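Here is a short briefing for a first look at this protein. Keep the structure open while you read.

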Amino acid sequence: MGYDSSNTVILAEKPSQARSYVEAFNKSVKRTGYYEVSDDVLSEGTVVTFGFGHLVELATPEMYDDKYKKWSLDNLPIFPERYQFIVPKDKVGQFRIVKKLLFEASTIIIATDSDREGSNIAWSIMKQSKVNLKKKVIKRLWINSLEKDAILRGFKNLKDSGDDYLAYKEAQTRQISDWLVGMNGSPLYSLLLRQSGVRGVYSIGRVQTPTLYMVYQRDQAIKNFKPEPYFELNAEISTQQQKFVAKLEPYQRFKDEKGLMTFMHVKNIEKGFQNGLIKDVQKQLKKSASPRLFSLSSLQSAINKRYHASASQVLQAVQGLYEAKLLTYPRTDCNYITDQEFNYLVPNLSGYLGLVSKEVSLDNIKANSRYVNGKKVQEHHAIIMTKVIPSKTKLAALPKLQQQVYDLVLRTTLAMFADPYEYEETTITTQVGHANFKATGNVPIKQGWKDLFTSNVNSTNEDQETLPQVKKGETVKANLQTPQKETTPPTAFTEGTLITAMKTAGKTLDDEEAQSILKDVEGIGTEATRANVLEVLKKRGYLFTQKNKLHVSEQGVTLCKAVELEPLLTSPEMTAKWELALRQISQKQRTQENFLGQIKKFVKKLVDEVPGQIKVSTEFKKQITIQKQHQNIENIAKEVCDCPICKVGKVVDKGKFYGCTNYNAKHCSFSLPKKLSGKVLPKGAIKDLAQFGHTKKKIKGFKSKTGKVFEAKLILKDDRVKFDFS
């Protein structure tokens, strides 16, 4: 394999990213695994090559020693002296191309995603290639948009690689620490659970386990919630114009009727009608600023709340819009932009507004520090539109979720240029006996930015509680009511609220609060990883979604009951401290060795203590009994028929095939394929084959190697399923 010697290699993360760079340059020629490119911003002899995401991965334990092929408690903990990295077989071809180009280059431009994981991908490839990096000039492309102007500006203003190398060390440390926790924790808990009679592989993760435990705790709080009755004391006030309801001021609840009656007696009031006096009327003009700009987490929360899309689906949609050059870089934890972004938004306002269904005044073209603050932007600014303004036709051709994401980002970004929402807040205090009752009502004065989010202005007015015109000292009629109510349980997590809880290390904050203190709170996971953590938990069957609410499965409960005996493994606060310690690596305040040393101590503690904890836990034993019952029900549901070979076992769905429950264990070899010639076999066909050796009727939907669709009966001959066309 030979190519011309190159001076500069631009290393992209994946083919689509490489194409975006290539499209921004004047000229390009496509080669196998790379492009030759030329442009005024590039030196001569520049090529663009790419990975497929991670070309280099951490080796699994069995690659260090054959003894790790079979899990054993005796082999734990697994602490390699040196961590080995490998290139997966399906990526070797591209790695060889990249490696040769790197060897021939005098300058390497790291142009992977502008985040820590992107840095990890690039440096891992360079290190694995064994290139002498000290003899290379290494630069870093750091951009927030894939539009042409941003790419060219980025290549004109390349960064030095020093900070990028530190970001790589941080990301690699995170990668190794997750490997240590997972490769030790998963076999440890899986083997101990098997000893207790529960089948399956139980996955442990530094971030996924405390995340799962947060949902478990919320589920338990809902399940164990006991509603408590209480009484309120309200007053229905009648004036000449209208009635309105006022609440006791200061507000309080009464546990029982006796306490309520004592209070009413002291205050010289009674249930039912009596005279009241307007004690005070306050009117205040208030303003409400538009929502903050979006970080990835806050966008995932908002879209989940509106459209019930998962965190992973939202990330994919934003990534798609980023690659389409319509939105800026997605994996950001920041809610601010700099003057540079503000200055390109202003001249394009009329174009953006053309994508919104109604006219709104966008007159505030002076930067507001609530949204524009360069000091708050460390790596990437908030997610906003690029300079590229799509046509309505182009927008309509996008996938539905991408349309919804773009529309919400568009309206939220435009809202900072609109006037504040203004309303008049009226507070009326009514005295009845010696008690005060307060009512507050808002009257919209100016919709301002809210016009961007409502299709009909009047629809918002209907939701407002307006109060009548009254004067201080006016006499009114008050009807005192004592409704009995019950306390309500906490609400289940959605993916949106769980993402916010991860971001705030489990603190219960609403999204606006979470955004405003984001830089002061270290969450669990990162913007780039949180969505994937939720997907892993769902894929492994620990979490499931029901009507947009997240719940823990029975298998997940078993895992939580096991891990709660080791609080450090379930603590969001501890995991958040780890994230802070990891961040310190890229700030030269901590070394990789120091952090991994702490993780090893933690893993050793797990291996030493967990077996004994599980043996003596009565709560865990109770859950094991429940889990076994659950498994038995699952087994019965999977049964197809009796095994025709050993006559003892049952033919069951084993995931990738159908086989006897004694398959392997007692050397019963009976098995049937789940899929044949592109067709998933119906359960009835499996039953017929097992009981009679053939199907009773033809099955439609098989596909030949040439793509031709056909139908046929099936017969079982010499332990193989064959087609019968008779």
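A crossing of two helices is right-handed if the near helix is turned clockwise from the far one by less than a right angle, and left-handed if it is turned anticlockwise. That term returns below, with helices H5 and H20. Note that this is a predicted model.

**Overall build**

- The protein has 726 residues, and 50% of them count as buried.
- Its secondary structure comprises 23 helices and 28 strands.
- The C-alpha trace spans about 95 × 75 × 60 Å along its principal axes.
- Take the contacts with a sequence separation of 6 or more: 72% of them join residues 24 or more positions apart.

**The largest nonpolar core**

- In soluble globular proteins, nonpolar side chains tend to be buried together.
- Here, the largest nonpolar core holds 133 residues.
- Tyr189, Leu299, Val405 and Leu414 touch the most other members of that core.
- Beyond four places in sequence, Leu299 touches Phe294, Val314, Val318, Ile383, Val405, Leu408 and Val409.

**Helix H5 against helix H20**

- Helix H5 covers residues 162–195, and helix H20 covers residues 572–586.
- Their axes come within 7 Å and cross at roughly 150°.
- An angle over 145 degrees counts as roughly antiparallel, so H5 is roughly antiparallel to H20.
- H5 passes H20 in a right-handed crossing.
- On the H5 side, the contact is made by Leu166, Ala167, Lys169, Glu170, Thr173 and Arg174.
- On the H20 side, Glu579, Leu582, Arg583, Ile585 and Ser586 take part.
- By class, this contact has four nonpolar, two polar and five charged residues.

**Helix H5 against helix H21**

- Helix H21 covers residues 592–616.
- The axes of H5 and H21 come within 10 Å and cross at roughly 10°.
- Angles under 35 degrees count as roughly parallel, so H5 is roughly parallel to H21.
- H5 contributes residues including Lys169, Thr173, Ile176, Leu180, Leu188 and Tyr189.
- H21 contributes residues including Phe595, Leu596, Ile599, Val603, Leu606 and Ile614.
- By class, the contact of H5 with H21 has 15 nonpolar, five polar and two charged residues.

- Asp164 lies in helix H5.
- Is Asp164 buried or exposed? Its relative accessible area is 3%, so Asp164 is buried.
- Apart from neighbours within four places in sequence, Asp164 is in contact with Ile110, Ser119, Trp123, Arg140 and Trp142.
- Asp164 and His434 are 270 residues apart in sequence, and their C-alpha atoms are 68 Å apart in space.
- Thr211 is found in helix H6, which covers residues 208–223.
- Thr211 has a relative accessible area of 0%, so Thr211 is buried.
- Not counting residues up to four places away in sequence, Thr211 touches Leu498, Met502, Ile524, Val533, Leu534 and Leu537.
- Leu315 sits in helix H9, residues 311–323.
- Leu315 counts as buried because its relative accessibility is 12%, and the cut-off is under 20%.
- Which residues does Leu315 contact, leaving aside neighbours within four places in sequence? They are Leu296, Gln300, Arg331 and Ala531.
- Leu315 and Val443 are 128 residues apart in sequence and 38 Å apart in space, C-alpha to C-alpha.

Technical notes. Residues are numbered from 1 along each chain as its sequence is written. This is a predicted model: local features need pLDDT of at least 70, side-chain atom pairs count only at pLDDT 80 or more; totals for chains, interfaces and linings use all residues. Side-chain values use heavy atoms; hydrogens and water are left out. A nonpolar core is a set of buried Ala, Val, Leu, Ile, Met, Phe, Trp, Tyr and Cys residues joined through side-chain atoms within 4.5 Å. Buried means under 20% relative accessible area, exposed over 50%, partly exposed in between (1.4 Å probe, protein chains only). Contact means heavy atoms within 4.5 Å. Helices (H or I, at least four residues) and strands (E, at least two) are DSSP runs, numbered from the N terminus. Axes are lines fitted to C-alpha atoms, for helices over the stretch in contact, and angles run from 0 to 180 degrees between N-to-C directions. Angles under 35 degrees count as roughly parallel, over 145 as roughly antiparallel, 65 to 115 as roughly perpendicular and the rest as oblique. Ala, Val, Leu, Ile, Met, Phe, Trp, Tyr, Cys and Pro count as nonpolar, Asp, Glu, Lys and Arg as charged, and the others, Gly among them, as polar.
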